[in-house]
Every structure is written in structure tokens, then in C-alpha cells.
Amino acid sequence: MTFALTADTQDQSFRLELTPHSVLDVGSAIFHGVDVAPGAAIPSDGDPRIDRALPGFLFTCGPDHIRHPVPVEGAADGRRYPLHGSFSSHPARDILIEEDEGEVVCEAHVAVSLAHGGTADLARRWRADRRTGHVTLDDLVTNTGETSWPPFAMYHINFGTGLFDANTRLTGAMLSGGSLPWRFEDGDMRIFCVPAAETAAHGWAQVAIGPIAALGGRSVHIRFRTDTLPYLQVWRNQSPGCAVLGIEPVSHRLAPREELIASGEAPSFSSGESVGYGLAFEVR
């Protein structure tokens, strides 16, 4: 069965294909007839869990780990946290869609088996306003296991850079000078991570990418809660065969996992405790 957030009016046109096989992330993201997701232009990291999901528009990283694989603390059997954490490939269940002329809401739960042996539940709620084009995502992660562990989260919002030209820029108060070219710095592949909470307004940060000529000169505006996603990571890859830019609200600065835990930046939460995340985006 296909689940989608859609609008088709004079002012707003979008279709976001949700992926029930993998955490109800977003696959193709078609705005005004143009799919902005990178598709095959994003490189494979060789992990079959994520190869079906990462080419989409939004991919969720966590809840037990983010970024690249590292050993599980104290595991004598050599277990490692997988690339981008344990979320990927876990199917959504109890999917409920409610819609009318004004909006469409999709809710689901995801039971997650974690790399260190614990478990978690993700309660996910998508809402799309068909009149304004405003799309919101509210997530609640609950520790359903018997042990404490530190939660991590990162939302990969990926664009195919074949849609960009020399006029396309990243704009946001957290960026140096407030704006920079989408192809920042030299070389084929670059990444940076900056604090976003200090420049947020009312607890929400905002970054935009555009104008995008294929979208009629419109830009994609992304907002995210900075109480639990206080950093913005951005990466791009223009290596041969690749054409992708990732805008990634994230819970932790770009540093090794053991360093974040040792410094107290990644405190554990106990069985039954929850942590919430939120983001929103629209084309205008």
C-alpha cells in the first residue's frame, strides 16, 4: 500500500511518498512536478539496510547512534553501531491517515531493535497543510527496554544537486555571513556542522536552499526544534556519479561518540523516558 502526503491546487502542488518499509521516511518528494530527492545520484555506503531509503528526500538517523559505525560500548562480541544507527529498515505499523480538503495527517509507530540490545518506540506524526504547503514532522522516541542509553538523532534532508545552478545558495542565521553558495569550499566532497540554537527564534532554527530554477525560482525552507536538534550539519558530494546536498538537523556536534558521552553531551535516558524532535519544511 502507498502512503503519501499530497496537494494539488493552483498555489500548492506536492506529493511526498512515505516509506512504510523503513520508518515512514520520505522517498520521492515532488514539488510543482519536480522530484528534488537525489535518487541514484547519492552514493551507496554498501549497507543494504539503508540503500533503499537513503536515496529519498528524508532519511532518519538514530535513535541509538548517528554517523559512521563504531563499536558498541562494552560488547565483548565485537558488535558495532551500524551506519546511521538502528532506525533504518524497521517497518512502520498502526499507520493511520486522516485527510480532508485542508490537510492530511499520517501517524504511525515503529518498534526498533537497537544495536546494543535495547528497544525503542518511535511515534511519528506527519501533517501537511494543502493550502500553504507547510509540512511538519513530530517524532517521539521512547526507551522501551530495561537499560539506559543515550539517544541520538539526525534528519538527512537530501537534494539532487543537478537541480541547482550558480544562483542557488544556502541561507540561515547559523551560517557564517548568513549565506553561502551551495557548492561551498573546494573539492568534490565537503561537510560542516555548526551550532543552530544560539541564532534560533522561539526555539526553532531555519535554513533555506534556493532559488531553484526548476521550481520556478522557489526555495525550500526547513525549520527544526533546537532544544533537541541544536546543530545543523550540511554535506555535499559531487564525486563522479554523485550529485547530492544534505541539510541535516542533528542532536550533537560533529565529534566521536565516545567524546560526546565522556563530555556529558550525550546523557542517557532511562526505561520509559521519551525525547521529542520536530521539523518542518515548505516550498515558497
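Me: Contact means heavy atoms within 4.5 Å. Leaving out residues up to four places away in sequence, which residues does Thr 168 touch?

Reply: The model is predicted, so local features need pLDDT of at least 70 and side-chain atom pairs pLDDT 80 or more, while totals for chains, interfaces and linings use all residues. Residues are numbered from 1 along each chain as its sequence is written, and side-chain values use heavy atoms, without hydrogens and water. Thr 168 is found in the loop between β12 (154–160) and β13 (169–172), where strands are DSSP runs of E, at least two residues long, numbered from the N terminus. Beyond its sequence neighbours, Thr 168 touches Pro 181, Trp 182, Ile 209, Gly 210 and Pro 211.

Me: Is Thr 168 buried or exposed?

Reply: Buried means under 20% relative accessible area, exposed over 50%, and partly exposed in between, with a 1.4 Å probe and protein chains only. The relative accessible area of Thr 168 is 0%, so this residue is buried.

Me: Which residue's backbone oxygen does the side chain of Thr 168 reach?

Reply: A polar contact is a pair of N or O atoms within 3.5 Å; within protein, one must be able to donate a hydrogen and the other to accept it, and residues adjacent in sequence count only if both atoms are side-chain atoms. The side chain of Thr 168 reaches a backbone oxygen at 2.9 Å, that of Pro 211.

Me: What is the order of the strands in the open sheet?

Reply: Two strands pair if DSSP finds at least two bridges between them. The edge strands, each pairing on one side only, are β8 (93–99) and β14 (179–181). The sheet has nine strands, paired in the antiparallel sense, and the order is β8-β9-β10-β11-β20-β17-β16-β13-β14.

Me: What is the bridge partner of Val 141 in β20?

Reply: Strand β11 (residues 135–143) pairs with β20 (residues 274–283) over eight antiparallel bridges. In β20, the partner of Val 141 is Val 275.

Me: How many residues does the largest nonpolar core have?

Reply: A nonpolar core is a set of buried Ala, Val, Leu, Ile, Met, Phe, Trp, Tyr and Cys residues joined through side-chain atoms within 4.5 Å. In the largest one, those with the most contacts inside it are Leu 5, Phe 57, Trp 126, Phe 159 and Leu 170, and the number of residues is 65.

Me: How far apart are the C-alpha atoms of Val 135 and Val 105?

Reply: Val 135 lies in strand β11 and is buried, because its relative accessible area is 0%. Leaving out residues up to four places away in sequence, Val 135 touches several residues, among them Leu 5, Trp 126 and Leu 279. Val 105 is 30 residues away along the chain, and the C-alpha separation is 9.7 Å.

Me: What is the C-alpha distance between Val 234 and Val 194?

Reply: Val 234 is found in strand β18 (residues 231–237) and counts as buried because its relative accessible area is 1%. Val 234 and Val 194 are 40 residues apart in sequence, and their C-alpha distance is 8.8 Å.

Me: How many disulfides does a search of the whole structure find?

Reply: A disulfide is a pair of cysteine sulfur atoms within 2.5 Å. Cys 106 is buried, with a relative accessible area of 0%. The number of disulfides found in the whole structure is zero.

Notes:
Helix = DSSP H or I, 4+ residues; strand = E, 2+ residues; numbered from the N terminus.
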